[in-house]
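Here are some notes to read alongside the structure shown below. Please keep the model open as you go through the points.

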Amino acid sequence: MNAIEITNLTKIYPGFQLDHLNLTLPQGCIMGLIGENGAGKTTTIKLILDMIHKDSGTIQVMGKDNLENTRLLKEDIGVVLDEAGFPECLNARQVNKIMKNTYRNWDAGVYENYMKKLSIPSEKPFKDFSRGMKMKLAIAVAMSHHPKLLILDEATGGLDPVARSEVIDMFNEFTRDENHSVLMSSHIVSDLEKICDYIAFLHKGKLLLCEEKDVLMEEYGVLHCSCAQLQELAPSAIKGKRESAYGAEAIVRRDAVPSGWNLSPVNIEDLFVFMIKELLV
């Protein structure tokens, strides 16, 4: 069973269209959703959660249509959106009491452990939290009712490097259970590269690429060569390039490059940036 299975999903707004999106997150895996502002990441997440209505297509979450058994599905999904929406007058201790009456599987002990691990103050009003502290509280709540799927929209935004590392470790630990899965969007691509099994690239509402991260790292490399050498390669082998008077740098398929050429490992951020720049040329 797949954790999420999206088929021909379309949502049309004035000036933007999420265009026949097909995306599958296998159970037990972490998928990173990458794209510029306005690429459709948040729209996709809101459609999965039925926060907005689709125009066409289907969405299955843990084997069920996302419009059916909505209450049951939301018990099994932990959600962190870009803005943590707790009443400003509440503190973390009061949030615990409210969540006991919200989720059937709420675990106060797990919540307390996450509060300690993330250094969340129990008595400080939410209105006095920093952005990073608000995200920490949202993450603690999302993970404290024994969800099977985490859906995270910029969940590491506003966190300092130490807190980000701690949170990433928590997500990794979460998916040690093969029944647990994570869909995670972030502008901090280095975080996704550390944690994700799959990477999906969105650009202007279209899915450019969705592949296992390790396959991408093996399939592509960064080529440093002269502009003349770059012309020798088939255009289909080049995912993106940057040329100057000093030479060329390009993301290329490794199997299309002659042996002995200067290839170095690619990272996910470079792959994405080069691909987008190529489309904008």
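1. The largest cavity is lined by Ile 48, Leu 49, Asp 50, Val 61, Asn 66, Thr 70, Leu 73, Lys 74 and Ile 77. A cavity here means a set of points, on a 1 Å grid over the protein atoms alone, where a 1.4 Å probe fits but cannot get out, and a lining residue has an atom within 4 Å of such a point. About 60 Å³ of space lies in this largest cavity, where a volume is the space filled by probe spheres set on the points, with grid points joined across faces, edges and corners. Helix 2 provides the largest share of the lining, 3 residues, and by class the lining has 5 nonpolar, 2 polar and 2 charged residues. In this scheme Ala, Val, Leu, Ile, Met, Phe, Trp, Tyr, Cys and Pro are nonpolar, Asp, Glu, Lys and Arg are charged, and the others, Gly among them, are polar.

2. Before going further, please note that this is a predicted model, in which local features need pLDDT of at least 70 and side-chain atom pairs count only at pLDDT 80 or more, while totals for chains, interfaces and linings use all residues. Residues are numbered from 1 along each chain as its sequence is written, and side-chain values use heavy atoms, with hydrogens and water left out.

3. The largest pocket has a volume of about 540 Å³, a pocket being an open set of points with protein on both sides within 12 Å along at least five of seven lines. Of its 23 lining residues, Val 79, Val 80, Leu 81, Tyr 103 and Val 141 are the closest to the centre. Strand 6 gives the most to this lining, with 4 residues, and the lining as a whole has 17 nonpolar, 3 polar and 3 charged residues. Helices (H or I, at least four residues) and strands (E, at least two) are DSSP runs, numbered from the N terminus.

4. The second largest pocket has a volume of about 200 Å³, and its lining residues include Val 110, Tyr 114, Met 143 and Phe 174. Helix 4 (108–117) and helix 6 (161–174) each supply at least two residues of that lining.

5. The structure holds 4 aromatic pairs, where rings of Phe, Tyr and Trp (its six-membered ring) pair if their centres lie within 6.5 Å, and planes under 30 degrees apart count as stacked, over 60 as edge-to-face and the rest as tilted. The rings of Phe 86 and Phe 126 have centres 5.4 Å apart and planes at 80°, so this pair is edge-to-face. Because Phe 86 lies in the loop between strand 6 and helix 3 and Phe 126 in the loop between helix 4 and helix 5, the pair ties together parts that are 40 residues apart in sequence. Phe 126 is buried, with a relative accessible area of 4%, and buried means under 20%, exposed over 50% and partly exposed in between (1.4 Å probe, protein chains only).

6. Which residues do ring pairs link into a cluster? They are Phe 86, Phe 126 and Phe 129.

7. The count of disulfides comes to 0, a disulfide being a pair of cysteine sulfur atoms within 2.5 Å. Cys 225 is in no disulfide, and the nearest cysteine sulfur, that of Cys 227, is 7.5 Å away. Cys 225 is buried, with a relative accessible area of 11%, whereas Cys 89 counts as exposed at 62% relative accessibility.
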